[in-house]
Amino acid sequence: MNLPLEVPAPATPAALSWTNGYARLGDEFFTRLAAQALPAPRWIDSSPSLAAELGWPADWTTREDWQALACFSGAAPWPGMEPLATVYSGHQFGVWAGQLGDGRALLLGEVEAPGGQPQELQLKGSGRTPYSRMGDGRAVLRSSIREFLCSEAMHGLGIPTTRALALVRSDLPVHREVIETAAIVTRVAPSFVRFGHFEHFAHHDMPQQLRQLTDFVIERHYPECRDTAEPCAAMLEQVARRTAQLMADWQAVGFCHGVMNTDNMSILGLTIDYGPFGFLDAFDPGHICNHSDHQGRYAYNRQPNIAFWNLHALAQALLPLIGETDLALQALQPYKAVFAETMEARMRAKLGLRQALAADRELIDDLLRLMAQDRADLTITFRRLCDFSSADTADNRPVRDLFIDRGAFDAWAVRYRERLQQDGGSDAERSARMKRVNPKYVLRNHLAEVAIRRSQAGDDEEVRRLRRVLERPYDEQPEHEAYAGFPPDWAQTLEVSCSS
Ligand code: AMP
Ligand code: MG
């Protein structure tokens, strides 16, 4: 039984407990260093729901004794924090890229939270580190707003992700294609360990550190693997399963990550490193959201296969610990089935079907094929489908109007109606159920772009409003109907690239 424990919020940051597990791993894993503070920082927004999960008081950003702006702009860490940049390597666009690492991120520490699992806090955009290579260690306002909003939007959708606690801006100039200004996002996750951390120690022939990192991750995040015959292979299998589920989650809402390099893959199966991501507007399976991805390696419909490729890179890295190639491959083996099962479950739920029938696959595929053919908007189609009437006389015009080939839609609708009647239950009950899995609001590129442009002009209110809308993506929010509409024509010319 869960006792409703009233945990009092810490009075000051000095009352927080820091575990800082990663900082105990040793010098081969990171470099300790201080952030380079943003000059004259200003708050843009913070996530009240995340602060509540951390057990912090609601007014933590403004309390005199918390000095939160100084801390999360990189000027003055709180007592107990041990800032460090971690080293990792990885494959970028399918090619071994050598050593990378936190080039503009800084792990502040790991803090205890009332939920039980300690959380790591990390600044992104806090200045150069030994892993910055040619970079300046900064992040521009534009990309920071996108990361902040999408982290909280994905959480609102119920998709595993690193969270965003706070967003701070400054007038500090940052040179990209044009001169922009700097910002820092504070990210929160149980761990920021990536596939690339394991690849680093494997590639550099550091078996002891590879073992240490694996033990660390198993101990904290996969304790159920500890007492199995092959803990490392068991962990790999769990990572494969979580990653498969994450891919199904992404595909179901039309999320495209854009840069699925192995250094952007979380060992916990979280969505991590929001760069040139995008949500599908019109359903286009081959959509490439990253303007820098000329080959379409990370196109929407390739994401599940790319994740599997990345898991092979992880398996390769873990091979010195697992010993036998067969064992490692065996650990990856459930990936395809877990992805397929989860995907089918997600799609069935999106169609409001409770029982699983063999013929459902065809019904789902045929709808997706029609949507692709007519470039129907993914989010709007499924949301309108929530109000589909199974009455024989219904014309279901709102959803029907999304299709160019009305005859083809009508033919599909007859099959869907029959299937719904077979599934039983009322339209009203099904509609409510479907609206809990088919979001009304997603962070379309143009919505982020409007918020960015207003912020660039000095007004951050739109960021805050959008964050609040996206925290409740499944709720009807009549006052925010405009955020649920089709993308405007100008959205088609938006280009999002790796530049951030
Ligand atoms: P990403 O493509 O954002 O996942 O970044 C790949 C690598 O480049 C990571 O090691 C980043 O830390 C590093 N990086 C990206 N942008 C910068 C920057 N402006 N300054 C320093 N390092 C960067
Ligand atoms: Mg990255």
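Predicted model: local features only at pLDDT ≥ 70, side-chain atom pairs only at ≥ 80, totals over all residues.
Let me start with ligand 1, which is surrounded by 17 residues, the closest being Gly-101, Gly-103, Arg-133, Gly-137 and Asn-264. Sorted by class, that shell is made up of 8 charged, 7 polar and 2 nonpolar residues. Because domain 1, residues 13-189, and domain 2, residues 196-345, both contribute residues to the shell, ligand 1 lies between them.

As for individual contacts, a backbone N or O atom of Gly-103 sits 2.8 Å from an oxygen atom of the ligand, while a polar backbone atom of Gly-137 is 2.8 Å from one of its nitrogen atoms. From a side chain, Arg-104 places a polar atom 3.2 Å from a nitrogen atom of ligand 1. Of the 480 Å² that ligand 1 exposes when taken alone, the protein buries 81%.

Finally, the cysteines: how many disulfides does the structure hold? The count is 0, and Cys-150, for instance, has as its nearest cysteine sulfur that of Cys-289, 10 Å away. Cys-150 is buried, at a relative accessible area of 0%. Cys-498, by contrast, is partly exposed, with 37% relative accessibility, and its sulfur is 9.4 Å from the closest cysteine sulfur, again in Cys-289, which is too far for a bond.

Note on methods. Residues numbered from 1 in each chain as written. Chains lettered and ligands numbered in written order. Heavy atoms only, no water. Disulfide = S-S within 2.5 Å. Buried < 20%, exposed > 50% of the residue type's maximum accessible area, 1.4 Å probe, protein only. Near = heavy atom within 4 Å. Polar contact = N/O pair within 3.5 Å; in protein donor to acceptor, adjacent residues only side chain to side chain. Areas by Shrake-Rupley, 256 points an atom, 1.4 Å probe, with all protein chains shown as cover. Nonpolar A, V, L, I, M, F, W, Y, C, P; charged D, E, K, R; others polar. Domains from an automatic or database assignment.
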